[in-house]
Amino acid sequence: MQLQSGKAVINNCRLFDGTGSTVKTSQALHYEDGVITYVGDAAHQPEYDPDSTQIIESPDFTVIPGLVEAHFHPTYFNVAELADLDIKYPVEYVTLLAAANAKLALECGYTSARSGGSLFNIDVWLKKAINEDVIIGPRLASNGREICGVGGLMDWNPDYRKIGMEGLVLLINGPEEARSAVRKLVKDGVEWVKTYPTGDAAAPDVNDHHTLCMTFEEMHAVVETAHNHKLKVTGHCRATEGIKNALLAGYDCLEHGTFMDNETMDLLLERDVPVVPALYFELASIENGPAFNLPQAVIDGHQETLDGGTESARRILKEGGRLGMGGDYGFAWNPHGDYAKELSFFVNYVGFTPEETLMCATKTGSEIAGSDDQVGTLETGKLADILVINGNPFDDIRIMEDRSNFYAVIQNGIIKSGSALRS
Ligand SMILES: [Zn+2]
């Protein structure tokens, strides 16, 4: 990804650096050749030559680190039924849709994303196209195809149709097949391996949110093989036993982490494993589900998931755990572009402060994506991935939902989106 060349100064702004410090006014941030060189009081900033420096200045601007979508499904597009996830369109068209979703995510302020699973190997190639400046999109950590036990949540095509699931999921029976699935992904070039230890409210009959979809032995085989090749492992974990299995098997992250008892919470905190609750999706499914003919049993399951997931997220934050913000966007009732609804939801429904929420969405997100040595906070020496917001999200987080409020979405010091490009 190209670096900006030259000097730039964002002056006299409100600034949140994502390190845990409070929001400060009258701040300045300097960057040069894509790297941050100063963050601090405007009064004490180093001198600069206004003729040779790009200057962004307004006391109305709030400057924060670029956001991280920690559970991004680039290949989901207007998913209203299962077939929309795997067999509706050919891979050529899904690739184009994924490129459009990546561009949209960047325009929404998400300068980084960690894939939560993608059709075929699209996110690996999407990442290459973004890194080589062929298209714009978030700095991506890729995931490729997911892994699930045969007959589990993701194995929905009936055998008599002879369709298989290989575009979306590698289906496994036993630890040996788990190992061979991970080895396929190693060859594909992914960084994360996403698995399905448990079911979900979406499948109330045989794979609901209290059902296990992989054995501990299978999960452990995934972790052993993935870690050997320096890949990380995460999983769709709703049921308490599935969460416990994932923590004991050595998972590096949990998606959802919905139903946690004291023992699981202790294990989670002891291992300091980050969790991406992806909770707004549950509320969107409850509120908008009836319009899409979701059965009542599914909606009831989403309510139980929402209640359990909200309680767990509150506890994790309170007890010093780590949470990432992201959330299964790409469903018809939870479309791409709505990413920041997750942030409003955590402030207005779960009860986090805007500072806590934005720290989860920046610093912790970059830790999950594995890019915290480069981005995620505004500190000297880090890459200039910055969001300049026209307004104050610490007064009203909902302004983050409307990308017309963004003056500049900056990646590597280059303004890639925002009203600055139109003025
Ligand atoms: Zn997901």
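At what angle do helix α8 and helix α9 pack, and how far apart are their axes? Helix α8 (residues 280–288) and helix α9 (residues 296–318) pack at an angle of about 150°, and their axes are 9 Å apart. This is a predicted model, where local features need pLDDT of at least 70, side-chain atom pairs count only at pLDDT 80 or more, and totals for chains, interfaces and linings use all residues. Residues are numbered from 1 along each chain as its sequence is written.

**Two helix pairs**

Helices here are DSSP runs (H or I, at least four residues), and strands are E runs of at least two, numbered from the N terminus. Axes are lines fitted to C-alpha atoms, for helices over the stretch in contact; angles run from 0 to 180 degrees between N-to-C directions.

| Pair | Angle | Axes |
|---|---|---|
| α8 and α9 | about 150° | 9 Å apart |
| α10 and α11 | roughly 145° | within 9 Å |

α8 and α9 are therefore roughly antiparallel to each other (angles over 145 degrees count as roughly antiparallel). Their crossing is left-handed. That term means the near helix is turned anticlockwise from the far one by less than a right angle; clockwise is right-handed.

In α8, Glu282, Leu283, Ser285 and Ile286 meet residues of α9, including Ile299, His302 and Leu306. Contact means that C-beta atoms, placed from the backbone, lie within 7 Å. The residues of this α8 and α9 contact are four nonpolar, five polar and one charged. Ala, Val, Leu, Ile, Met, Phe, Trp, Tyr, Cys and Pro count as nonpolar, Asp, Glu, Lys and Arg as charged, and the others, Gly among them, as polar.

Helix α10 covers residues 341–350 and helix α11 residues 354–369. The crossing of α10 and α11 is right-handed. Leu343, Phe346 and Val347 of α10 meet Pro354, Thr357 and Ala361 of α11. Five of the residues in this contact are nonpolar, one is polar and none is charged.

**Two domains**

An automatic or database assignment sets the domain bounds. It gives domain 1 (7–66 + 376–421) and domain 2 (67–369). Their centres, taken over C-alpha atoms, are 30 Å apart. In all, 25 residues of domain 1 contact 24 residues of domain 2. β16 gives the most to the domain 1 side, with three residues.

Val169 sits in strand β10 (residues 169–172). Val169 counts as buried because it has 26 C-beta neighbours inside 10 Å. The cut-off for buried is 20 or more other C-beta atoms within 10 Å; 12 or fewer is exposed, and in between is partly exposed. Among the residues that Val169 touches are Arg145, Ile147 and Met154.

Key: Contact = placed C-beta atoms within 7 Å. Parallel < 35°, antiparallel > 145°, perpendicular 65-115°, else oblique. Lists of a residue's contacts leave out its neighbours within four places in sequence.
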